[in-house]
Amino acid sequence: MRLIFLPMIFCLAASSAAAAPFVPPGVTPPDYVVTMKETFADRKGSSIRVVTRHGEWTRSDSTYATPPETAYYRHGSNAYVIDNGWISHFLRNVKLEYDHQARNTGERQTHLGESCTVWETARSKADSPARHSFTDLSCFTDDGIELWRRRSGAQGISWSAEAIRVERRPVAAEDARLPRALLALNWWDRKDSASSTAAEHETVMELSEERILPDGSNPASPTVRTTRRAGPWLFKEVIAGTQRKIEISHDSIRMRLTYKCGGADVEEELTIARPDSERAKPVHTFQPVPSDRYDTVLGERCRWFDMTPGMADASTSACFTDDGIMLKEDHRSRIYRGTWTATRIVRRPVAIDEVKPPAELLQPRTWDLD
């Protein structure tokens, strides 16, 4: 038995946090391509970042990560996208844990023979510990092109980027804006050799949990999860107060899509992994190990499996019926224990439309990127 669960969902929220790169007020930058050299205090060598601008769109290609990453921003939007050729992350309404109110320092400098004004674009909040304090500075030309940026903190400059080439030239729209293909899925029409041994069904489970806090209290927070299986597809929706999360997975582990909203740091996040990408990495999976322990839930007998054999400091176990339907799931660590228990189970045919993500979720306008 192999069960792989992937996080996804649908809810929209409002936020004032803007993720797009800062542009001095009253300035409309021209089309341009800027090549920057990035250096980081905690690593040797440097990386290259190429910033491409056309209209309200900015594309940023960086060699810092492996594989290289591309980010897309639309001016005035509170959403952005990061893509590495394998996984695309769509983020909306990010909750910034720092002060991003820009301030014009009035200082003028010259870089690459161009004059620019220094702006303080972000800083740590006043109540941040001294060791975490920082200030971000950038220097912008009069037409809004960033020539350098740096972050300074208690230990000096932690990272910096300096333009080594500036090109003001026409940029094609498709060279800067978000490719619509990043939101296109054809998973449901493709054939796959994977087949499920579990019966098609719909279950509802409730979660009882304990978090071992420093003061010794163990607050409970009930949560409901609905699961539907259609052949090799598994769909889960979790509702916990104002937070929602949907998980969609395929037994082949080749199709992965996740979405969540209402979390601590990001109001909405969508992740799409392209299984056919040359950069796709193998997914590590545990092979469940059966035990001699059994349980009875809703009058049905189930057998317990260790879902994470060999894992240290934490564990997950689950109880399945003979036809592969989960009736209980137990998560444990040193500071947490949570147990899902089925409250309703229905064996029935499940249509593929019942496991697809909401159509709106794959629309650029949903992410304020249209």
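Asp313 is placed in the loop between strands E19 and E20, where strands are DSSP runs of E with at least two residues, numbered from the N terminus. The structure is a predicted model, in which local features need pLDDT of at least 70, side-chain atom pairs count only at pLDDT 80 or more, and totals for chains, interfaces and linings use all residues. Residues are numbered from 1 along each chain as its sequence is written, and side-chain values use heavy atoms, with hydrogens and water left out.

**Backbone geometry**

- Most residues other than glycine have a negative phi, and most peptide bonds are trans.
- Asp313 has a positive phi, near 70°, although the residue is not glycine.
- Asp313 is exposed, at 55% relative accessible area; exposed means over 50%, buried under 20%, and partly exposed in between, with a 1.4 Å probe and protein chains only.
- Asn93, in strand E6 (residues 87–94), also is a residue other than glycine with a positive phi, near 60°.
- Asn93 counts as buried because its relative accessibility is 0%.
- A cis peptide bond, with omega near 0°, leads from Thr66 to Pro67.
- Pro67 belongs to the loop between strand E3 (57–62) and strand E4 (69–74).

**Strand pairing**

- Two strands pair if DSSP finds at least two bridges between them.
- Strands E14 (residues 233–240) and E15 (residues 243–250) run antiparallel and are joined by 8 bridges.
- Within this pairing, Val238 has Lys245 in E15 as its bridge partner.
- The hairpin of E14 and E15 has 2 residues between the strands, and Gly241 there takes a positive phi near 65°.
- E15 also pairs with strand E16 (residues 256–261), in the antiparallel sense and over 6 bridges.
- Ile248 has Leu257 in E16 as its bridge partner.

**Aromatic rings and charges**

- Rings of Phe, Tyr and Trp (its six-membered ring) pair if their centres lie within 6.5 Å; planes under 30 degrees apart count as stacked, over 60 as edge-to-face and the rest as tilted.
- By this rule there are 11 aromatic pairs.
- Phe305 and Phe320 form an edge-to-face pair, with 5.7 Å centre to centre and 80° between the planes.
- This pair links distant parts of the chain, 15 residues apart: Phe305 lies in strand E19 (residues 300–306) and Phe320 in strand E20 (residues 314–320).
- Both Phe305 and Phe320 are buried.
- Phe22, Trp119 and Phe140 are linked into a cluster by ring pairs.
- A charge sits over a ring if NZ of Lys or CZ of Arg is within 6 Å of the ring centre and within 35 degrees of the ring normal.
- Arg150 has its charged end over the ring of Trp148, 3.8 Å from the ring centre.
- Arg225 lies over the face of Trp340, 4.3 Å from the ring centre.

Definitions and conventions. Helices (H or I, at least four residues) and strands (E, at least two) are DSSP runs, numbered from the N terminus.
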